[in-house]
Amino acid sequence: MEELRKILEQTLNDQMLHATVSGKRHGNQADKVKIRPILLKGSLYFQTAVSDGKKEFHRNYEKEELLDQLSSWLLQDYKQIQLDAADRTVHALVSKKGKATIKVRRVQQVRTPNIQEHNRKKKYILDEGIPVPFLADLGVMTKEGKVIHARYDKFRQINRFLEFIEDVLPELDRGRELTLIDFGCGKSYLTFAMYYYLRELRGADVRIIGLDLKEDVIAHCSALAEKYGYEKLTFQMGDIASYDGVNQVDMVVTLHACDTATDYALKKAVEWGAKVILSVPCCQHELNGQIHSELMDPVLKYGLIKERIAALLTDAFRADLLQEQGYQVQVMEFIDMEHTPKNILIRAVKKGTGKGTGEGLRRCMQAWGADPLLDRLLYQMEDDSRLSGR
């Protein structure tokens, strides 16, 4: 191992391309560890990447620290390492007793390392340094375009949401005016962002309606829209369940509509035949008071656990019910969990006319003792449609 450490010490430098530690000795280890050199504030570090099959975990090491870690891995957890540098490839196989068989092969054509700055600036749709009037008025950035430090999470959230909008644009009919509704728009950070992105940056022909129950919020947002000359952005007071201000809607957005307000918004979206639905649910209390299962009682007896299971079940049932209505549905992470626990986004795109009753879904609901409001609303909607002959 001393000879191997000496060789690694010589090759862990700015001429290194990448390395892989593999051949795990234990079943509970990751299959491999990938290593690459990076620049961190101008200094050379080495970043390891370990995958658990779903996420990749990174750690940055200084050279001596990594040498110690490699020695530990190769004596206890892994059998081999391969390191590629600009002018050579090093391969070592280490036995259980720590004996290393080393092969160093010079390459015929020297390769060029490409070490990147680890803290490189992320490219946002609404970029830093470019003033956006509504973000300044809403307190997210200064008039010069500098993001206010305390509002950086909000800035990231807005950009993340616009990435979802960007993804679904090809699904929308661009040959006519599109109608978008934001139910429970609140202070309307994202409503203004949608309008700015679609109208100002992409030139799309859209009108956007923000709906909320708070009179002062609607008055404030309406004044801002008028100030910016956003003629096709309007704000109205109204309840999600009873709103009937339009006959056709292309995209429905509902962000943090509390509890069953999300269900009423989803029902409205289905009723309109909206092509796209973007929903970030909030405060799902309904199923928490319903679910019961003798089999699951050992875990449901803990209030916090039951609350979280109920919330996840609520969103899973919503996603499946939208699938029954002909939507292609994805359940996605909106922003990192460290910023908010309410981070699930349901993205649904209309692809067909519906698949009818899902017996498997009904059995699942019955097993949990669940009777979700959205299921009842959609059933009533279909029943009303049959009675009216539509």
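Me: Which order do the strands of the open sheet come in?
Reply: The 7 strands run β10-β9-β8-β11-β12-β14-β13, with mixed pairing. Strands here are DSSP runs (E, at least two residues), helices are too (H or I, at least four residues), and both are numbered from the N terminus. Two strands pair if DSSP finds at least two bridges between them.

Me: Before we go on, where does the model come from?
Reply: It's a predicted model, where local features need pLDDT of at least 70 and side-chain atom pairs count only at pLDDT 80 or more, while totals for chains, interfaces and linings use all residues. Residues are numbered from 1 along each chain as its sequence is written, and side-chain values use heavy atoms, with hydrogens and water left out.

Me: Back to the sheet: which strands are at the edges?
Reply: β10 (233–237) and β13 (327–333), each pairing on one side only.

Me: And how do β11 and β12 run, parallel or antiparallel?
Reply: Parallel: 6 bridges join β11 (residues 251–258) to β12 (residues 276–282). Thr254, for one, has Ser279 in β12 as its bridge partner.

Me: Which strands does helix α7 lie across?
Reply: α7 (residues 261–272) lies across β8, β11, β12 and β13, at about 170° to β11. Helix α5 (residues 189–201) lies across β8, β9, β10 and β11, at about 180° to β9. Those angles run from 0 to 180 degrees between N-to-C directions, using axes fitted to C-alpha atoms, for helices over the stretch in contact. Contact means heavy atoms within 4.5 Å.

Me: What about the core, how many residues are in the largest nonpolar one?
Reply: It has 52 residues, and those with the most contacts inside it include Phe134, Phe192 and Met251. A nonpolar core is a set of buried Ala, Val, Leu, Ile, Met, Phe, Trp, Tyr and Cys residues joined through side-chain atoms within 4.5 Å. Buried means under 20% relative accessible area, exposed over 50%, partly exposed in between (1.4 Å probe, protein chains only).

Me: Which helix gives the most to it?
Reply: α5, with 9 residues.

Me: And what does Met251 touch?
Reply: Leaving aside neighbours within four places in sequence, Met251 is in contact with Ile165, Val168, Thr179, Leu180, Ile181, Met194, Val276 and Leu278.

Me: New topic: why is β6 largely enclosed?
Reply: Because 5 of the 7 residues of β6 (residues 88–94) are buried.
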